[in-house]
Amino acid sequence: MEPAGGGAAAAPTVWPPAGVPEQLGLYRLLRPLGRGGIGMVFEGRHRLLDQRVAVKVLHPRLAADPAFAARFRREMAAFGRVPDHPHLVRASYAGEDAGVLYLVMEYVDGADLGRALDRHG
């Protein structure tokens with residue numbers, strides 16, 4: 001997953017990104033954290049519990065493709081089977097709202113793994 005905005009020459013982030021609502025279910029999306037091959041990750045907040053979370057969404061341009069939607073659903077199910085471990089992020093919810101598939105995970109503050117490996121090897 002590459003960090004949102006990329007390097008120093010990255011274009012300003014448009015908020016919210018085209019095709020992604022500001023809210024999915026009970027989760028308000030606050031800012032982009034990163035993006036990967038088929039999805040984007042946002043910092044979010046549960047509206048009722050006021051909990052900070054990470055929300056991964058299937059990229060809107062891929063959502064209409066049944067193969068990508070199926071792949072994202074498999075990823076959601078796989079996340080649900082991961083046992084609790086202190087070094088793994090926990091998933092807490094998966095759903096679909098307004099045609100957007102999303103996975104809610106615990107939010108971990110700090111640099112992402114890719115940046116840490118680049119910096120420290």
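I searched the whole structure and got eight salt bridges (a side-chain nitrogen of Lys or Arg within 4 Å of a carboxyl oxygen of Asp or Glu). This is a predicted model, so I kept to its rules: local features need pLDDT of at least 70, side-chain atom pairs count only at pLDDT 80 or more, and totals for chains, interfaces and linings use all residues. Residues are numbered from 1 along each chain as its sequence is written, and side-chain values use heavy atoms, with hydrogens and water left out.

**Confidence.** I checked pLDDT, the predictor's confidence in each residue from 0 to 100. The protein chain averages 84, and 84% of the residues score at least 70. Residues 1-12 are below 50, and this stretch has 20 contacts in the model beyond near neighbours in sequence (contact means heavy atoms within 4.5 Å). Where pLDDT is low, the predicted coordinates should not be read in detail.

**Helix α2.** I took helices (H or I, at least four residues) and strands (E, at least two) as DSSP runs, numbered from the N terminus. Helix α2 covers residues 66-81, 16 residues in all, and spans 23 Å from first C-alpha to last, close to the expected 22 Å (1.5 Å times one less than its number of residues). Next I looked up burial: A69, F72 and M76 in α2 are buried (under 20% relative accessible area; exposed is over 50%, partly exposed in between, with a 1.4 Å probe and protein chains only). Seen down the axis, the buried residues of α2 fall within an arc of 65°, so they line one face of the helix (the arc is that of the directions from the helix axis to the C-beta atoms). They pack against β5 (52-58), α1 (60-63), β6 (91-97) and β7 (100-106). On the other side of α2, I found P66, A67, R74 and R81 exposed.

**Bridges, one by one.** R73 pairs with E96, closest N and O atoms 3.0 Å apart.

R90 has a salt bridge with D84 at 3.4 Å and another with E106 at 3.3 Å. The R90–E106 pair links the loop between α2 and β6 to strand β7, 16 residues apart. I also noted that R31, E43 and R52 are joined into one network by salt bridges that share partners.
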